[in-house]
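Please look over the sequence and the model shown here before reading on. The notes after them are grouped by topic, so that each can be checked against the picture.

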Amino acid sequence: MSLLSAASGQSRWRGYQCCKENKVMRTEPLGEGRFHALVSGSAEEPYDVTIDLEHPRSSVCTCPHAAGKRIVCKHMVAAYFAIFPEEAEKFYKELLREEEEWEEYQEERNAKLVQVVRHLKRKDAQDILLDLLETGPDWLREQFIREYVE
């Protein structure tokens, strides 16, 4: 398990942002895949971070989110990206690729939806609409009433 895979998606993204905002003040190797860093955060004093690449869940940070817990926080990720900038670049490129794939998927899905709706028989479309208005969210029903009934 890598440090990044042990972190949540939010910690990875926020750690990337922290690194890009130059919040990692200092890093130093400790040997055997371990590193120490100081990372500025919301507290007055920077957070004291030790990352362990061999055992990511043994990494520690003094921030309230991670202190005393076996989690990988954004400060640990920020330190990792500062130490390994090529990993930060790789992370960002992968994020862009995934976002592009998601947008393509959404476009294909919307095109398919339009195609299906356009080929519905009138009675089927009416039944589906009534079902959506009865079982869907209240805001949808209210919007439909405002636009087509009142």
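What follows is a short briefing on the nonpolar core, the aromatic pairs, the salt bridges and one aspartate. Please keep in mind throughout that this is a predicted model.

**The nonpolar core**

- The largest nonpolar core has 28 residues, and those with the most contacts inside it are Val49, Ile51, Cys61, Val72, Met76 and Phe81.
- Two or more residues of this core are given by each of helix H1 (3-6), helix H2 (9-20), strand S2 (34-39), strand S3, helix H3 (74-83) and helix H4 (85-118).
- Among these elements, H3 supplies the largest share of the core, namely seven residues.
- Leaving aside its neighbours within four places in sequence, Val49 is in contact with a list of residues that includes Phe35, Val39, Cys61, Met76 and Ala79.

**Aromatic pairs**

- A search of the whole structure finds 10 aromatic pairs.
- In one of them, the rings of Tyr16 and Phe81 have their centres 6.0 Å apart and their planes at 85°, and because planes over 60 degrees apart count as edge-to-face, the pair is given that name.
- Since Tyr16 lies in helix H2 and Phe81 in helix H3, this pair ties together parts that are 65 residues apart in sequence, and both of its residues are buried.
- Trp102 and Tyr105 form another aromatic pair, which is tilted, with 5.4 Å from centre to centre and 35° between the planes.
- These two residues, Trp102 and Tyr105, are three residues apart in helix H4, so they are separated by about one helical turn, and Tyr105 counts as partly exposed because its relative accessibility is 42%.
- Ring pairs also link Trp13, Tyr16, Phe35, Tyr80, Phe81, Phe84, Phe91 and Tyr92 into a cluster.

**Salt bridges**

- A search of the whole structure finds five salt bridges, and one of them joins Glu21 and Lys23, whose closest N and O atoms are 3.6 Å apart.
- Lys23 has a relative accessible area of 28%, so it is partly exposed.
- Arg97 forms a salt bridge with Glu101, with the closest N and O atoms 2.2 Å apart, and both residues lie in helix H4, four residues apart, which is about one turn of the helix.
- Arg97, with a relative accessible area of 37%, is partly exposed, and Glu101, with 42%, is partly exposed as well.
- Glu94, Arg97 and Glu101 are linked in a network of salt bridges.
- Lys123 forms a salt bridge with Asp127, the closest N and O atoms being 2.9 Å apart, and because the two are four residues apart in helix H5 (residues 122-135), about one helical turn separates them.
- In this pair, Lys123 is exposed, with a relative accessible area of 52%, whereas Asp127 is partly exposed, with a relative accessible area of 37%.

**A buried aspartate**

- Asp52 is found in strand S3, which covers residues 47-52.
- Although Asp52 is buried, it has no salt bridge, and the nearest side chain of opposite charge, that of Arg34, is 4.0 Å away.
- A polar atom of the Asp52 side chain lies 3.0 Å from the backbone nitrogen of Glu54.
- Not counting residues up to four places away in sequence, Asp52 touches Gly33, Arg34, Ser58 and Ser59.

Definitions and conventions. Residues are numbered from 1 along each chain as its sequence is written. This is a predicted model: local features need pLDDT of at least 70, side-chain atom pairs count only at pLDDT 80 or more; totals for chains, interfaces and linings use all residues. Side-chain values use heavy atoms; hydrogens and water are left out. Buried means under 20% relative accessible area, exposed over 50%, partly exposed in between (1.4 Å probe, protein chains only). Lys and Arg count as positive and Asp and Glu as negative; His and the chain ends are not counted. A polar contact is a pair of N or O atoms within 3.5 Å; within protein, one must be able to donate a hydrogen and the other to accept it, and residues adjacent in sequence count only if both atoms are side-chain atoms. Contact means heavy atoms within 4.5 Å. A nonpolar core is a set of buried Ala, Val, Leu, Ile, Met, Phe, Trp, Tyr and Cys residues joined through side-chain atoms within 4.5 Å. Rings of Phe, Tyr and Trp (its six-membered ring) pair if their centres lie within 6.5 Å; planes under 30 degrees apart count as stacked, over 60 as edge-to-face and the rest as tilted.
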